[in-house]
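My notes follow, in the order in which I looked things up.

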Amino acid sequence: MKWLRNRLTRWIIVIAALYLILFWVPTPYYLYQPGTVDPLHELVTVEQSQKQQSAGTFNLTTVYSQKAYNVVMLIEGMLDKDTEVRRISDVQGNLTDEQYRNVLKHMMSSSQQTAVASALSEAGLQVDKRVTGLFLRMFVPGSKAEGVLEVGDILLTVDGRAALSLQAVSSYITSSKKAGDSIEAGILRNGEERTERVTLVPNNEQGQPGIGAVFEPEYDVTPSRKVDFAESDIGGPSAGLMFSLEILDQLLPEDLTHGLTIAGTGTIDINGNVGQIGGMRDKIVAAHQAGVDLFFCPKDQSETSHNAEEAIDEAKKRGYDLRIVPVGTLKEAVDYLRNNY
């Protein structure tokens with residue numbers, strides 16, 4: 001009996017250990033799945049618009065993501081053909097969970113600003129738009145700026161020179177500094193301007209100096225027509241193109257939707273240029289499941305751009321009857337709608 005009790009005890013310990021490993025030990029992975037297709041007329045309102053709601057809808061597409069909190073979730077994700085498994089480090093880089101959420105929130109806010117600017121410009125309306133600085137999105141490995149600057153800082157000046165473009169800042173640093181030198185960075189943090197001294201690090205294999213951080217433009221947009229955005233838990237910049245189309249549809253007397261369910265994805269910059277995004281294959285699946293008629297995606301305009309290729313390939317592979325239209329600008333999307341329906 002003692003032998004049996006000892007054996008039973010060992011089995012209980014093994015089972016308990018397996019339970020802990022399978023259900024309680026976190027994994028370093030994210031799970032990505034097709035998300036929702038959401039009508040934008042419920043999220044965007046152009047004030048003083050007298051137009052009736054269009055017969056069709058413009059929609060944003062999302063990707064559902066969550067951490068694989070345990071091994072069981074990870075295994076289920078690996079076995080699901082509609083789930084993509086990605087390492088947390090490939091998604092967040094060196095950002096904490098809170099920093100990553102804040103960056104996604106900022107990128108969504110920024111995409112709304114640029115969508116307003118591009119839509120009003122396309123409609124021929126007045127909009128004042130300018131770059132006010134550079135938003136610090138993340139640090140690169142080996143950066144000496146980390147701990148001095150913070151994710152979310154707005155870089156305003158470098159050695160007293162206005163930081164209004166990545167190219168201008170990079171050009172100044174590489175032409176007048178070397179790795180190990182320092183710069184005086186004027187920043188905006190939590191509404192307060194301050195100055196910090198930052199040591200430069202090698203930025204590439206050639207040893208050119210850099211701050212060791214990833215920045216993106218910070219915009220200030222003052223439109224002649226106010227545009228309100230409803231609160232949402234959606235983050236990131238990929239709804240920019242569709243925001244622009246919805247705003248434009250509410251501004252113009254014509255019905256740009258032509259009664260269609262139109263979805264899409266793509267970033268938008270302040271001049272109406274459409275940029276690449278992530279999760280394209282998941283968004284094609286989501287669009288098909290929602291019965292979308294027409295899907296706009298970013299045009300592939302460089303060797304590192306693959307959004308259109310991925311979208312068309314995924315639809316073909318799954319046998320979807322979905323019209324996919326790659327565009328490089330907001331104007332191209334509008335012209336397509338005007339000339340083909």
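Predicted model: local features only at pLDDT ≥ 70, side-chain atom pairs only at ≥ 80, totals over all residues.

**Entry 1: the second largest pocket.** I began with the lining of the second largest pocket, which counts 16 residues, with S170, N203, P209, G210 and I211 nearest the centre. Residues are numbered from 1 along each chain as its sequence is written, and side-chain values use heavy atoms, with hydrogens and water left out.

For the search, a 1 Å grid is laid over the protein atoms alone; a cavity is a set of points where a 1.4 Å probe fits but cannot get out, a pocket is an open set with protein on both sides within 12 Å along at least five of seven lines, and lining residues have an atom within 4 Å of a point. I put the volume of the second largest pocket at about 250 Å³, a volume being the space filled by probe spheres set on grid points joined across faces, edges and corners.

Which elements each supply at least two residues of this lining? I found helix 5 (166-176), strand 11 (209-210) and strand 12 (213-223). Helix 5 gives the largest share, with 5 residues. Helices (H or I, at least four residues) and strands (E, at least two) are DSSP runs, numbered from the N terminus.

**Entry 2: the cavity.** Next I asked how many cavities of 30 Å³ or more there are. The count is 1. About 60 Å³ of space lies in the largest cavity. Its lining is made of L43, L60, M108, Q112, F229, A230, S232, I234 and F243, which I sorted into 7 nonpolar, 2 polar and no charged residues.

**Entry 3: helix 4 on helix 6.** Two of those lining residues, M108 and F243, turned up again here. The axes of helix 4 (residues 97-122) and helix 6 come within 8 Å and cross at roughly 40°. Axes are lines fitted to C-alpha atoms, for helices over the stretch in contact, and angles run from 0 to 180 degrees between N-to-C directions. The two helices are therefore oblique to each other; under 35 degrees is roughly parallel, over 145 roughly antiparallel, 65 to 115 roughly perpendicular, and the rest oblique. Contact (heavy atoms within 4.5 Å) involves, among others, M108, Q112 and A115 of helix 4 and F243, S244 and L248 of helix 6. I counted 9 nonpolar, 5 polar and 1 charged residues by class.

**Entry 4: helix 6 on helix 9.** Helix 6 (residues 240-251) and helix 9 (residues 330-340) have axes that come within 10 Å and cross at roughly 55°. That makes helix 6 oblique to helix 9. The contact is made by L241, S244, L245 and L248 of helix 6 with L330, A333, V334 and L337 of helix 9. I logged 7 nonpolar, 1 polar and no charged residues there.

**Entry 5: helix 7 on helix 8.** Last, I looked at helix 7 (residues 280-289) and helix 8 (residues 307-318), which pack at about 45° with their axes 9 Å apart. These helices, too, are therefore oblique to each other. The contact includes R281 and I284 of helix 7 and E310, D313 and K317 of helix 8. By class, I wrote down 5 nonpolar, 1 polar and 6 charged residues.

Note on methods:
Nonpolar A, V, L, I, M, F, W, Y, C, P; charged D, E, K, R; others polar.
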